[in-house]
Amino acid sequence: MSQNVPITVARGDGIGPEIMDATLKIIKAAGARIDIEEIEVGEQVYLRGVSAGIEPSAWESLSRNKVFLKAPITTPQGGGYKSLNVAVRTAFSLYANVRPCVAYHPFVDTKHPGMDVVIIRENEEDLYSGIEYQQTPLMMESLKLISRPGSEKIVRYAFEYARSNNRKKVTCFVKDNIMKQSDGLFHKVFDEIAAEYPDIENEAWIVDIGAAKLADTPEAFDVVVMPNLYGDILSDVAAQIAGSVGLAGSANIGEGCAMFEAIHGSAPRRAGQNLANPSGLLLGAVLMLVHIGQPEIATAVHNAWLRTLEEGIHTYDIYAEGVSKQKVGTREFADAIIARLGQKPEKLKAVNYSSSPASQTRTKAPKVEPTVSKELVGVDVYLDWSKGSAEKLGNAFKQVSGEGLELKMITNRGAKVWPNGLPYTFCTDHWRCRFQAPEIGTKVEPTQIISLLQRVHAAGFDCIKTENLYNFDGTPGYSRVPGE
Ligand code: NAD
């Protein structure tokens with residue numbers, strides 16, 4: 001018998017303590033080999049003035065144990081409070097958010113009886129970098145960052161997850177017809193890694209039509225991997241249309257640390273009444289047991305839970321006349337599961353977990369970047385300017401060209417407005433002016449850009465930022481504009 005695994009537990013707020021008690025009672029009864037260390041997070045910590053809702057001593061426990069089972073917390077109303085989830089996710093690089101979304105037809109009402117989808121969301125990059133600026137009175141910017149190692153880690157995780165959970169297909173959702181650089185990279189990496197898993201089917205969808213298909217025919221999907229923002233939105237959609245938002249658990253996986261939770265909140269109105277359904281947190285704990293190398297305990301707990309569901313023993317939130325047999329409270333539901341440990345469901349599909357996909361991916365570092373030649377070929381100069389038309393700006397700004405850098409075009413919100421712009425294009429105060437060598441693609445020197453910026457300043461223009469234009473192995477590493 002292997003040693004106990006130390007885990008950090010937070011009982012959270014609202015219904016948190018009740019569903020955590022139920023969850024721990026069930027997994028201990030199933031023989032989970034864990035040592036529990038409790039920390040306090042959430043509302044009371046926020047109200048003591050700790051902005052992320054977690055004390056330094058709690059960070060120390062998480063750093064030591066590296067496994068966190070967290071009940072939902074209440075974020076106090078009003079500004080100034082940082083998300084605890086984001087704080088833990090970023091501090092420990094929890095790059096993969098895993099959310100199984102399963103229908104339990106006919107025992108829980110659903111529009112999609114055959115649904116059994118796992119959403120794997122990239123958790124660290126994309127628009128969640130939190131890098132934002134106000135650049136002009138009229139314009140805000142949020143940076144969308146997608147890296148090769150970040151994409152490799154999440155895509156490989158998805159394929160490893162599929163393999164070790166006996167899943168047949170991995171689908172990727174991106175918007176690379178529009179974001180050719182960022183989502184284009186995610187898609188490219190997906191294709192590269194998919195080729196290493198010939199036993200698993202793969203496909204890519206544009207996220208808009210993919211989302212429509214997922215909402216309409218979720219049975220067509222198996223494992224779906226996507227960048228952060230699409231995953232944030234679609235993992236909630238998927239959990240909801242499975243008919244069981246209160247039943248879903250999730251895992252946030254990093255290379256050294258992992259956090260497991262229910263996807264719902266602290267339901268303060270239901271707190272302290274022995275009403276809450278502990279299933280979401282319990283399924284989070286099942287994912288945790290797989291992660292810490294106790295898949296046999298995870299299997300026993302999950303199957304006993306499925307058996308309880310199909311015997312019609314339901315908490316109020318899923319109780320339905322004609323389907324359910326017995327309405328129970330949190331504690332009674334937990335006891336019913338414990339009484340069924342060792343049993344399998346008869347109608348719902350039984351589970352059988354093997355080892356953790358996380359432990360397998362940990363051995364595979366992202367591939368080393370291929371050697372690339374990188375050549376500076378120009379610069380985009382962004383201006384805050386509100387003194388007239390695009391034509392007027394183009395004619396006035398042409399004068400700063402020189403020393404081997406020419407003004408080639410101006411865009412406003414991405415639309416080309418100079419030269420030969422249309423008078424109908426709406427323009428804000430935020431302009432992008434592209435400077436390149438007279439022969440586009442020819443190498444330029446950083447000193448040419450520095451002189452250009454001096455001329456921009458001397459001519460009285462307000463430069464708010466610049467972006468260098470590079471060719472990588474001869475291919476432009478920047479978006480081009482139709483008509484450029
Ligand atoms: P919620 O998920 O707490 O509740 C939504 C609805 O679902 C309510 O009607 C609630 O009674 C019901 N419900 C949720 N979980 C249930 C369960 N286990 N059993 C039975 N019924 C359940 O969402 P909310 O009301 O928008 O948020 C309440 C608080 O939770 C807020 O402070 C919010 O910030 C926080 N929250 C925390 C997390 C987290 O810690 N991960 C996630 C979401 C919301």
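This is a predicted model: local features need pLDDT of at least 70, side-chain atom pairs count only at pLDDT 80 or more; totals for chains, interfaces and linings use all residues.
Residues are numbered from 1 along each chain as its sequence is written. Local features require pLDDT of at least 70, side-chain atom pairs count only at pLDDT 80 or more, totals for chains, interfaces and linings use all residues, and side-chain values use heavy atoms, without hydrogens and water.

**Exercise 1.** Classify the pair formed by Trp59 and Phe92.

*Solution.* Rings of Phe, Tyr and Trp (its six-membered ring) pair if their centres lie within 6.5 Å; planes under 30 degrees apart are stacked, over 60 edge-to-face, and the rest tilted. The structure holds 13 such aromatic pairs. For Trp59 and Phe92 the centres are 5.8 Å apart and the planes stand at 40 degrees, so this pair is tilted. Trp59 belongs to helix α3 (residues 56-65), whereas Phe92 is in the loop between α4 (84-91) and β4 (96-102).

**Exercise 2.** Determine whether Trp59 and Phe92 are buried, partly exposed or exposed.

*Solution.* Buried means under 20% relative accessible area, exposed over 50%, and partly exposed in between (1.4 Å probe, protein chains only). Trp59 has 23% relative accessibility and therefore counts as partly exposed. Phe92, at 19%, counts as buried.

**Exercise 3.** Classify the pair formed by Phe397 and Phe461.

*Solution.* The ring centres of Phe397 and Phe461 are 4.7 Å apart; their planes are at 75 degrees, so the pair is edge-to-face. Both Phe397 and Phe461 are buried.

**Exercise 4.** Which residue lies over the face of Tyr382?

*Solution.* A charge sits over a ring if NZ of Lys or CZ of Arg is within 6 Å of the ring centre and within 35 degrees of the ring normal. Lys465 lies over the face of Tyr382, 5.0 Å from the ring centre.

Notes:
Helices (H or I, at least four residues) and strands (E, at least two) are DSSP runs, numbered from the N terminus.
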